[in-house]
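Me: I would like a close look at a single part of this protein, with a short account of the whole around it. Please keep it plain.

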Amino acid sequence: MAATVDTDRAQRGIQSIEVGGQLLRALVHHGRPMALKDLAREADMTAAKAHPYMVSFGRLGLIEQDRASGRYLLGPLALQLGLISLQQADPVHIATALIGQLAQQIGHTVALAVWGARGATIVRTAESPSPVHVNMRHGTVFSLTNTASGRVFAAYLDPAVVRAQLEDERQRQKQRKGAAEPAPPAGMPPVQPLPSWSDFERQCQEVRDHGISRSDGEVIEGVSAMAAPVFDHTGAIVLAVTAIGPAGIFHTAWDGEIARALKACAGTVSQRLGASNSQGGVGAVVPSVSDR
């Protein structure tokens with residue numbers, strides 16, 4: 001009984017702070033200076049009740065009032081808190097807490113990939129709950145051109161970075177051909193020539209149009225994958241959330257269950273990193289490959 005009482009006390013908050021917090025939440029949600037009556041309405045309280053909260057928030061520096069219009073906006077302390085929060089945000093740490101649940105939801109293995117010196121590289125995995133699944137190992141590097149993870153990074157990275165990586169892959173492919181590389185093992189498709197600039201641009205534009213990338217049997221026959229981008233507060237891609245599974249039960253429809261779940265997970269991580277809805281994702285303005 002004593003332990004229960006202690007837990008209740010530890011979880012008990014201060015109601016007035018939570019009530020006043022609704023005013024701050026309204027300012028953040030609208031992203032523009034607001035009149036007191038509008039703030040009060042958003043927080044479901046009267047203007048008379050809201051005003052003392054705004055006075056206290058102003059003294060703390062959480063809000064400030066424009067002298068000309070009388071509207072309220074976030075203050076210098078709120079800005080400092082936001083900047084510190086962004087500095088502390090670790091995309092891999094945030095996403096790792098979510099991919100286990102995502103793997104359970106879609107029934108397929110999920111991995112996190114970051115952009116490394118050699119390309120998109122797996123740093124975390126959550127195995128599928130299904131007895132039939134595809135394993136992915138930490139440290140695996142995805143091809144830029146023929147994997148879902150590689151293409152999702154190519155669609156949103158700086159053009160100079162993508163061009164350099166593509167040229168590296170082209171040179172490695174030439175070296176392998178010159179060394180008379182043996183035929184690929186059973187189940188592995190033959191090595192395809194790298195796409196032209198215009199062909200690769202169409203692939204990257206397709207990713208940007210749908211906000212997600214997909215691959216069907218390009219690396220291993222009978223294995224499919226989809227990857228969704230994660231963006232930070234500047235709109236830069238920092239992570240790919242990738243799902244992979246047997247083609248027979250892994251459906252790669254652009255608007256299918258797997259695609260929606262991946263985009264929702266990636267969107268949650270992006271939001272926690274401070275990305276706005278207009279940063280990255282569908283409709284983002286990214287230089288085309290043909291401009292590189």
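Reply: The protein exposes about 16,200 Å², and carbon and sulfur atoms supply 53% of that area. The model is predicted. Its 292 residues include 40% that are buried, and the protein has 10 helices and 7 strands. Of the contacts with a separation of 6 or more, 61% join residues 24 or more positions apart.

The part to look at is the pairing of helix 6 with helix 10. Two packed helices are described by the angle between their axes and the distance between the axes.

On the side of helix 6, the contact is made by Pro 91, Ile 94, Ala 95, Leu 98, Leu 102, Gln 105 and Ile 106. Helix 10 contributes Glu 257, Ile 258, Ala 261, Leu 262, Cys 265, Thr 268, Val 269 and Arg 272. Sorted by class, the contact of helix 6 with helix 10 has 11 nonpolar residues, 2 polar and 2 charged.

A separate point concerns Arg 41, which sits in helix 3, residues 36-42. Arg 41 counts as exposed because its relative accessibility is 55%.

Conventions:
Residues are numbered from 1 along each chain as its sequence is written. This is a predicted model: local features need pLDDT of at least 70, side-chain atom pairs count only at pLDDT 80 or more; totals for chains, interfaces and linings use all residues. Side-chain values use heavy atoms; hydrogens and water are left out. Contact means heavy atoms within 4.5 Å. Helices (H or I, at least four residues) and strands (E, at least two) are DSSP runs, numbered from the N terminus. Ala, Val, Leu, Ile, Met, Phe, Trp, Tyr, Cys and Pro count as nonpolar, Asp, Glu, Lys and Arg as charged, and the others, Gly among them, as polar. Buried means under 20% relative accessible area, exposed over 50%, partly exposed in between (1.4 Å probe, protein chains only). Accessible areas come from the Shrake-Rupley method with a 1.4 Å probe; for residues, only the protein chains shown count as cover.
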